[in-house]
Structure formats: C-alpha cells, structure tokens
Amino acid sequence: MPHFPLAPLRPPLWALRAPRGLSKPQPLCTQPEPQGSSLTRRNREAKQKRLREKQAALEAGLAEKSKSPAAPTKTWSHKEVVLYEIPTEPGEKKDVSGPLPPAYSPRYVEAAWYQWWVREGFFKPEYQARLPHATGETFSMCIPPPNVTGSLHIGHALTVAIQDALVRWHRMRGDRVLWIPGSDHAGIATQAVVEKQLWKERGVRRHQLSREDFLKAVWQWKHEKGGEIYEQLCALGASLDWDRECFTMDAGSSAAVTEAFVRLYNSGLLYRSRQLVNWSCTLRSAISDIEVESRPLPGRTVLRLPGCPTPVSFGLLVSVAFPVDGEPGAEIVVGTTRPETLPGDVAVAVHPDDPRYTRLHGRQLRHPLTGQLLPLITDTAVEPHVGTGAVKVTPAHSPADAEMGARHGLTPLSVIAEDGTMTPLCGDWLQGLHRFVAREKILCALREQGLFRGLREHPMVLPICSRSGDVVEYLLKSQWFVRCQEMGDRAAKAVESGALGLWPSFHQKTWQHWFAHIGDWCVSRQLWWGHQIPAYLVVGEKAEGDRKECWAVGRSEAEARAVAAKLTGRPVAELTLERDPDVLDTWFSSALFPFSALGWPQETPDLARFYPLSLLETGSDLLMFWVGRMVMLGTQLTGQLPFSKVLLHPMVRDRQGRKMSKSLGNVLDPRDIISGQELPVLQAKLRDGNLDLGELTIAAAAQEKDFPHGIPECGTDALRFALCSHGVLGGDLHLSVSEVLTYRHFCNKLWNALRFVLRALGENFVPQPADKVSPSSPMDAWILSRLAFAAHECERGFLSHELSLVTHTLYHFWLHNLCDVYLEAVKPVLAKEPCPPGPPQVLFSCADVGLRLLAPLMPFLAEELWQRLPPRQGGPLAPSICVAPYPSAHSLESWRQPELELRFSRVQEVVQALRALRATYQITKARPRVLLQSSDPEDQDLLQPFLEPLGTLSHCGAVGFLPPGTAAPSGWALTPLDDDTIKVYMELQGLVDPQSQLPRLAARRQKLQKQLDGLLSRTASEGAAERQQRLSALRLELSKLDRAASHLQQLTEEAPSVRELSPTHTGASAASQTGV
C-alpha cells in the first residue's frame, strides 16, 4: 500500500502574533524529496509573482462580476409582502425585539426608521458635534432644489442617492454635517400648472384675475400639492436637516434676491436694454436657454403646434428671388427655412470675396413681397459655399442677423408679435394671422409674383420650447440683462488655477469654452409667479443721457423713490413710479441658493460656519445653467467661491441608451421601483399625462413590452445601491429595473446572512472589543483580512467620490467573500460541540463592521440588521448606525494579511477545479475523496492549513496529499491547475455510473465539436481577438470532455483497488449545501 505522509507543519500564516515558547512541530513522517525538486530563489520569486497575478486576476474577475451583475435568469415572481405591524407612534424607535422575518421585505425594513432618525436629530450638525468620535471638521452641501411643480424622477433619485451616501459617510466619520433641503418655485412650470387648474376647475383665465388673486391661487396650490417632493425625499432616505428647509419664494430667499439685484445694478453689472431674447409665444414670456430644446430634423417633418389651426411642415428650404434694381432679369436667389420672416428682411448679404456677386456690390435689390429697395451688403460671416452664397438679413428675428445688422447699421423690423401673430408692419393682408398660417400665404404670393424658385428638403435644427412645445421665436424686447463677461472671466480663472475643481476633469473644457463665449444673461420673465423685479419706471421722466426711459432700482419703493429723485433732480412727492411687472428668471434665485439658504445677506451663524459649501454634486447637464451662474454670482456677492469642488454625474438613460421621455414610455418614477407597480396603473399614469394620442399609443406599447407584468417591488436600498454602482467617469448611465432587482436579491442575501449570524451567536453571546478580536483559524484570519481590505477600499472610494468603487467592494465582500466562502466554510466548525469561541467573534465583527460600511448606501437595511446585533463591550454605544463610527482602514490595519489572501487564492483555484469536476461527472449528493499532488513542497505547505475548508467549499470528503512522483491512482479523475504545478484527483469509483455518463459526454462533445467546426468554416465576422477567444474556449472544453471520457472508460476496465487508499490527512467531509 502506498504511503501518504502528512505535510510538514509550519507556523500558521494566519496568526497575527506568533506564540512564544513553542517549538516548530515536527512531521509525523518524512520522505526524501525527489531529486531535482528543490527550487531556486528565482523560481520561488517567479512562483510568488504568478500567485500575485492570479490573485489580481481573481479579484478583477469577481469585481467585474460585481460591477455588472447579470440580470436575473429566473422569472420574477411576486414575493410575499411582510409588513411591520407593531404599533409605533411616528418618531418612536422601531421595535426590533422580535425575530427577523424569514425573508427580506422592503416595506417591513423601511417602516418607522426615517421618522425616528428625524425626531432624534441625527441629521442636525448640532447633534453630530456632540458625537464621541467627532472630528471637529465641517461638511456642508445643498440639494439641487427640485421644482415644486411635480414629483422626483429617476434623475433626481440619482442625485439624492449620491449626495446622501456622501453625507452619511461624513456624518459617521464624525464630521459636523449640514445638508440643506429646499425646492424651487419653478416660475414658468408652476404658473402653467395653476393656469390649467384654474381653467379646468373654474373656467377662468389668468388675465381674468388680478395679479394678487392669481398669486393667492398659486400659493394655495403650493401648500396643497407641494409636499409630494418632501414625501419622496423621505422615502429615499435623504438625511436632510429639515429644520433648515427653504423655498426659493419664501421671505428669506426674496430678501436675498432683491439684495442681489440691487447690488449687481449698483455695480454696473445689471442693465436694461432692447435685445433679442428666446420667446415662447404660447407662454408669452422670455425663456432661458435651458428651456429651449434643439430638435434636429433630418428633412421634411410635420408638427402640430399649440395655437396653430393646421399642422406645419419644417425641414424645407424655400428659394426666393430678390430682383436687382435697375437691371431687368437679374436677381439674387436666397434660401430660407423661415419664409414667414420675409416681411422683416432689411438687406441681402454676400461674402466680399465671392466672385459671383462682385459686380453687384453696392447695388440695391427689390423686396419680393413689398418691392421696397434693400441694400446688398458684404460680410465675411456669410459662407459662400452654402446654398447660393447669399442670405437674407432679418435682424429682429435672428441672433446672427442681429449681429450682422449692428455691424452695418441696419434698422430691425419686428414682424412677429408676442402672441405669435404677424404685426402691422407686415401690411393688412398679413396682420393678425398666426405666423405659420402667414407662411403659406407668403408662399402663395411669391408664386403669384413669379419669384418662387423652388422647395426642397433640408436638414435643420428647430428650437422648441420645452415648457409649451411651441417653436421658439427670437424677438426684440426691452429686458433686464446681467453683464457676464467680468464675472465669467473670474469663474474661468478659478477652474484654471485649481481653486475650483470640476470632477470628472473632462468637464473643464466645456467650462472654459462656455465662459470664453459667454453673452449677457436676460433675467426678465413675463410672468406673475416669481420674484418681481425691484425696478421702477419713473413715469414721464428721463434720466441723464439719451435714454428714453428712467428706471430706479431699490430694495423698496421708498428707496427707489429716493434714487429716482436723485436721477431726475425732482422732489420725491412729484414723482410717479410704476414697478416692472416682470419677474426674474428662476435661475437667478437658484444661483443664490448656496448662500441665501444660509441666511445671506444677513450675517448668520450658519453662513459663517457652513459657507462656502464643501461640495456641490449635481447632474452634468446643469454645469453651465446652474453651476456656472452660482459661481459667478456667489463670487461677486460674497467675495468667495460658493464651493471648492463640483462633482458631476451623467444623465440617466434606459437600458437601450434612450433618453428618458414620457412620449417613449420609459420614464421611471422612483416610487414605482421602490414599491412596485402593476402594468394597468403604469398605463393609467400615461393616460393622465399630456401626451397626444399618437405618443400615448407608442408609449403604452413600449411600457407593455418593457414591463409586461408591471414593475416588481425593489425597495429603496436596492435602488440607491444600483444608482451609486455606476461610475461618473463613463458616459450616460443606462439603468434598467432588472439591474435594481438584482440588488434586491443582494439585499435578500444580506438578510439571510444576518439571520445565520444571529442564530450562530445565540442569546448569551457577548462581543469582544474590536481590538481584542483575533483569529483562531486560517479562515478567520482570511475573512478578517478581506474585511479590513474592504474598509480600505470603501474609504478610498468615499474620499475620491468614486461610489462605484464602494458598491463594488461591498458587493464583492458580502457576496463572494462572506456568504459564498466564509459562512460555508465555518458551518462545520459552528456545529462542533462545544463550539470554539473564535468564529462567533469573527462572525460578529464581520456583521458589525460590514453593516457600518454598508450604511451610507443602504441605510434602512443596515439599520434594521445592525439594531439586532448585541452591543459590543467597551466605549459608548451609538443609538443608530447612522451616527456610529464608520470603520476606518487604519483601525482595522492589524487584520490585514495580504500574503495570506494571496495564498488563499490558490485554495480557491483548487475549489473551483473540484466543483468543475463534480459538474462534469454530475456528482450531486456524494462527497468524493480528494488527493492533491505537487512537486513543490511550498504548495503543500500553502494548502495544508486549508484542507478542512477546502473539502467543505468543494462539497467533497476527506482531502489528502499524494507524494510527488507517486503514480496516479486508478479510478480517480484528474484535473491539473492552470500552471500544472498542482494536480487534483477526485474519487470516481463507485460514485458514478460510466454506462450512463459516457453517452451524455459523447452527446455534449458532438454538440461542441459542431460549434467549433461551424466557427472554423465561417468567415470571421467578429473581431479576431473575440473569435480566437471563442475557439480557445471550445477547444479547452472539448479536451476536458475527452479527459473525462477517458477516466470513465478506465472505470469500466479496472478493478476499484483505489478504495484501499487511506489519505494520511483528511479534512471535513460533510459540508452543508445550505446557502445564505
């Protein structure tokens, strides 16, 4: 009988401190090494390098799996909803004295905690300053104030998830944290909603009411409907300091807006002028650039527009002839996509170097509609190679034409009115007509006069008002403008110097380009809801100079009167003042939010303590419209940058990469993902929206395709974790419900893991202080080292604001390290009588530290589970996990053993090889014996401490060593590891039926061979690397099947003498298959 010696024992790698007074144990049996088996230092170093590379590859592979968890292969079935039904008053602590329900249920977990957190004041900086682990540092941030008009969408949820994770981490770290809540009055959107409501409920238009009565109706609507966002933020777990909540139309914000306007005006940075503005004819108001949607049209496109009686065609280029005066038959043809603006043409322009028109320089042309003489001007802005090289000039309705007209001293003609009809300047035949109705009439007139030269499809970009769906017009209006050049230069220099950091850094290019080309900002809006401009027209008076009007700006009418008296030189009593009826652009008050929310212009304690803000986090689409304006006004009005760091996240798209759009039916309401929603309810929401019949049909069909059974209940924690798992460095975020559902399954895994841990600890378990916990086995040491590594990576991720690193680290630790490995390996140990004291302490540490690492991302689940752990001895006990210390890498450094982790990766390779063998031979219940053989004694030393968990994790029986050079036993399957230094044998004799297995392997081989032959015969349509990878995988699988068939064939030919083998060292044989 062959002799199988025990491997020489050596000091355990897992021991944190080597025991003193113990001599090195001697082997019970020795055997000389085969000649030539000793390794040189170079060979050892090469082997260590290979081990490190394999560990890195293993980590990278598992991390890649955790980055993009595969969509669930099982069809989702409705889970039993468990409710928390213990009577608990709002604000009282949740009762956690009972056992955990058998399965994770989001509604049970998320009940009652938020109200308790708020009542206890955990979210207030004053509370955090009293924490035992307080750092004395301050972290402040404001929420991008969502519009009060509606509900939060998935983009808002992304902002909340990222911000709250950062805020909770800083709070647990011991910083004094202030996260300011607030909402925006959303001037245009809110006014539109209330106007629709008034018409629907009372049959009243806005102009039938006084301004005061209308504003009362808006405030009433705000009080009735404006609380929905608050409820959503609470449901998302946003740890905001609600006592400091602000609204951009409350008294404090109004005072700040007035003060900012007055200061900017007095500094010469705010002025009134007649300029072109973006105009919505439906809203009858100027609108901001962000409210203009640039819609690309490939060619002829028919649109239905509000207020227009018939559909309108766009994407067409009309060619019109302008006759040359005094030269019969001579003409210049110009192309236009806006023939309705022809009455406003004041010139035709060509490039000065265009030879086609050189002889006509200085000549005059006849207007094709009126016959009036127009100059032919030359301008280098004209592109001679586009169209005919000649363009019509309409300064009153085109920004480019306005600049050209100013250069040439042309007088603009406004031919489109505020309501979108044609003005009297067009003549009686067009006056009062809708501009797009007038377009058709103009085309008919051109045909009648013989000056129409054609019509063809033409790609174009059409500006659409995102609020009304109407085509945006450019109109000349007297408005208030902010001079941006000086402030913009400072903002650009702040980024260039590093005083203001933008992350990801590729946004710096956009920032510099925008400020290098910035124009003045129109802040007037023709609305009633908003901050009324604090400027007063002095009726019948003129100020010094040639201005036609005299305006006085003041914080109050009394102050404005004093200013007006000084401007006009007349007594205050003789002056008549009329306040500008317009309101300020909503972005003006939003730009003040970082400091107005803290009490500015008053010198408040909050302003002194928390301003400038530590960080601004928002969507990258708001970089210029909001972030840029905050930087400009904040620096100008407070003398400081409003924040020193800006973190920008990408836009959320659906899994197909499409922008979220109601008309596509792919908009995801966070509440539907959190609580689940039936398909009929989702469809009813579409019908209640403002989609037309065609859009509704498309959206409903898309919804039915994406969610045939509705949206499953995923819970807040899964949604937050999914949103934070996407890095900000890549492109847009593609989110699907199936991805969120994957993280719901992860929550269930955590739930079952803690149920296992709590059962293992028992009722009388007393946790040791963290610094007293030391491993009693190599597996204990490995999991503690992995836990310390996870803490290190989480800290690195939070410090760099890379939350995807944090989510990937935690997903990998909980799922792949703790649940899949350690909990399975420790089950036989816990079953021993008596149970060793070490593993329960390690289990507690993993649960306690692991949940605190997880708390910023999954606050509800972490709180629910952490509250059920027994309190650790020593030091004050935190009342909630959200104010418990966040585990630092430094505090767990004594647990780190990278060398042990490196060696255990070799054990995991053996486990994977054995599991693959079991699968190949379809061994399910049996626990076959295992033999390991290596020519390198270091391999045996490496595997020796892990033989018992190796057998447990591979679902095998006794594990032993086969001496180097010993012949392979018959009736045992062989699989070498990748580098062939270790051979793994698994017992087959008596455990498999060769007669039934051989046909199955043959069928499998035939199928794979057919795939290989097909791949070889086809022309390479995929990349060379992908094709070669597929070929290698098929050939490897075929070789494994051939080896397996050979082993099975041997079983039919040889006697089972291997049963006489008795390994000299065995591991645990019956590992539980119960998963957690």
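A: The charged end of K94 lies over the ring of Y84, at 5.0 Å from its centre. A charge counts as sitting over a ring if NZ of Lys or CZ of Arg is within 6 Å of the ring centre and within 35 degrees of the ring normal.

Before going further, please note that this is a predicted model: local features need pLDDT of at least 70, side-chain atom pairs count only at pLDDT 80 or more, and totals for chains, interfaces and linings use all residues. Residues are numbered from 1 along each chain as its sequence is written, and side-chain values use heavy atoms, with hydrogens and water left out.

Now for rings that meet other rings. Rings of Phe, Tyr and Trp (its six-membered ring) pair if their centres lie within 6.5 Å; planes under 30 degrees apart are stacked, over 60 edge-to-face and the rest tilted. This rule gives 33 aromatic pairs. One of them joins Y265 and W480: the ring centres are 6.1 Å apart and the planes stand at 75°, so the pair is edge-to-face. This pair links distant parts of the chain, 215 residues apart, with Y265 in helix α9 (residues 251-266) and W480 in strand β18 (residues 473-482). Helices (H or I, at least four residues) and strands (E, at least two) are DSSP runs, numbered from the N terminus. W480 is buried, with a relative accessible area of 1%; buried means under 20%, exposed over 50%, and partly exposed in between (1.4 Å probe, protein chains only).

W521 and F588 form a tilted pair, 6.0 Å centre to centre with 45° between the planes. Here too distant parts of the chain are linked: W521 in strand β20 (residues 521-522) and F588 in helix α15 (residues 586-591) are 67 residues apart. W521 is buried at 5% relative accessibility, and F588 is buried at 0%. Elsewhere, W113, W116, F122 and Y127 form one aromatic cluster.

H1047, in helix α32 (residues 1024-1053), is buried, with a relative accessible area of 9%. Leaving out residues up to four places away in sequence, H1047 touches Y921, W972, A973, L974 and L988, where contact means heavy atoms within 4.5 Å. The C-alpha atoms of H1047 and G971 are 7.0 Å apart, although 76 residues separate them along the chain.

I783 belongs to helix α24 (residues 778-799) and is buried, with a relative accessible area of 0%. With residues up to four places away again left out, I783 touches F813, N817, L818, Y822, V842 and C846. Between I783 and F813 the C-alpha to C-alpha distance is 9.0 Å, and they are 30 residues apart in sequence.
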